[in-house]
Amino acid sequence: RNPEVRMSAALASAEAAVKDPAVTLRELLGMLGEQGLLVFCGVLAAPFLLPLTVPGMSTVLGLPMLLIGFAVMLSRVPWLPERLLNRSLPAPTVRSVLGRVRGWAERFEHLVRPRLLGLTGGRVVNFINGALVIAAVLLLMAPIPLVPFVNSLPAFAIILLCFGMAERDGAVILFGYLMTVVSAVYVGGLVLLVFYAGMRHEEAFEAIRLWFN
């Protein structure tokens, strides 16, 4: 269906509702409203666009994104484990991420509208979109530390796919397809480089970081 609440409004409402000192994933999901699951998945990917991420964060945030991706594939509401839903996140960090995503939404949502609806719903399309979300999340979780763009490219793909589905904008989803392919080429290329070079992965990634610097 066409979304009734603009994404920026849903994010602003959630940001105002976050109270110190911490918020659980269950509470955050409830705050995000009707578009919750897809917006929630995009919000979980947003921290990986920032310059620095917390070690182990890709595992903690990747699991719920994987479950949401499987749910999209199966066209059903996902099951999320109680332990995961009850995990607490620092309120200041959550507000900062919500604020950043809201700023991006306000800047670009005038370009977003329901179009190319054939890419936004239906069992076959949902299966494809969900599979691409899963692929992007797995790329995001790849154990490649401190290499530029290795997290941000798949995170951007996840955000495009999820927000495109939430806003029923097939054009945004198409960009999500493209970014998933770019992420797969980039991350997969780094992994293949390590194997073909016959290097230990720590030495290989250090060489890659030095090349970027």
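In what follows, helices (H or I, at least four residues) and strands (E, at least two) are DSSP runs, numbered from the N terminus. Axes are lines fitted to C-alpha atoms, for helices over the stretch in contact, and angles run from 0 to 180 degrees between N-to-C directions. The model is predicted: local features need pLDDT of at least 70 and side-chain atom pairs count only at pLDDT 80 or more, while totals for chains, interfaces and linings use all residues. Residues are numbered from 1 along each chain as its sequence is written, and side-chain values use heavy atoms, with hydrogens and water left out.

**Helix 1 and helix 6**

Select residues 7-17, helix 1, together with residues 91-108, helix 6; the two pack at an angle of about 160°, with their axes 9 Å apart. Helix 1 is therefore roughly antiparallel to helix 6 (angles under 35 degrees count as roughly parallel, over 145 as roughly antiparallel, 65 to 115 as roughly perpendicular and the rest as oblique). Helix 1 passes helix 6 in a left-handed crossing; a crossing is left-handed if the near helix is turned anticlockwise from the far one by less than a right angle, and right-handed if clockwise.

Which residues of the two helices meet? From helix 1 come Ser 8, Leu 11, Ala 12, Ala 14 and Glu 15, and from helix 6 come Arg 95, Leu 98, Gly 99, Val 101, Arg 102, Ala 105 and Glu 106. Contact means heavy atoms within 4.5 Å. The residues of this contact divide into six nonpolar, two polar and four charged, where Ala, Val, Leu, Ile, Met, Phe, Trp, Tyr, Cys and Pro count as nonpolar, Asp, Glu, Lys and Arg as charged, and the others, Gly among them, as polar.

**Helix 4 and helix 7**

Next, select helix 4 (residues 57-74) and helix 7, which pack at an angle of about 165° with their axes 7 Å apart. Helix 4 is therefore roughly antiparallel to helix 7. Among the residues that make the contact are Gly 62, Met 65, Gly 69 and Phe 70 of helix 4, and Phe 127, Gly 130, Ile 134 and Val 137 of helix 7. This contact divides into 13 nonpolar, six polar and one charged residue. The crossing of helix 4 and helix 7 is left-handed.

**The nonpolar core**

Now colour Leu 11, Leu 32, Val 39, Phe 40, Met 65, Leu 98 and Ile 158: these have the most contacts inside the largest nonpolar core, which has 64 residues. A nonpolar core is a set of buried Ala, Val, Leu, Ile, Met, Phe, Trp, Tyr and Cys residues joined through side-chain atoms within 4.5 Å. Buried means under 20% relative accessible area, exposed over 50%, and partly exposed in between (1.4 Å probe, protein chains only). Helix 8 (residues 152-166) supplies the largest share of this core, 11 residues.

Centre the view on Val 39, which touches Met 7, Leu 11, Leu 32, Phe 163 and Ala 166, not counting residues up to four places away in sequence. Then move to Leu 38, in helix 3 (residues 36-45).

Select Asp 169, in the loop between helix 8 and helix 9 (170-197). Is Asp 169 buried or exposed? Asp 169 is buried, with a relative accessible area of 0%. Leaving aside neighbours within four places in sequence, Asp 169 is in contact with Leu 111, Val 112, Arg 113, Arg 115, Thr 120 and Gly 164.

Arg 168 is in the loop between helix 8 and helix 9 as well and counts as buried, at 18% relative accessibility. Phi of Arg 168 is near 55°, a positive value in a residue other than glycine. Most residues other than glycine have a negative phi, and most peptide bonds are trans.

Leu 116, in the loop between helix 6 and helix 7, also has a positive phi, near 45°. Leu 116 is partly exposed, with a relative accessible area of 48%.

Finally, select Pro 21, in the loop between helix 1 and strand 1 (22-24). The peptide bond from Asp 20 to Pro 21 is cis, with omega near 5°.

**The whole chain**

Zoom out to the protein chain, which has 10 helices and two strands. Of its 213 residues, 48% count as buried.
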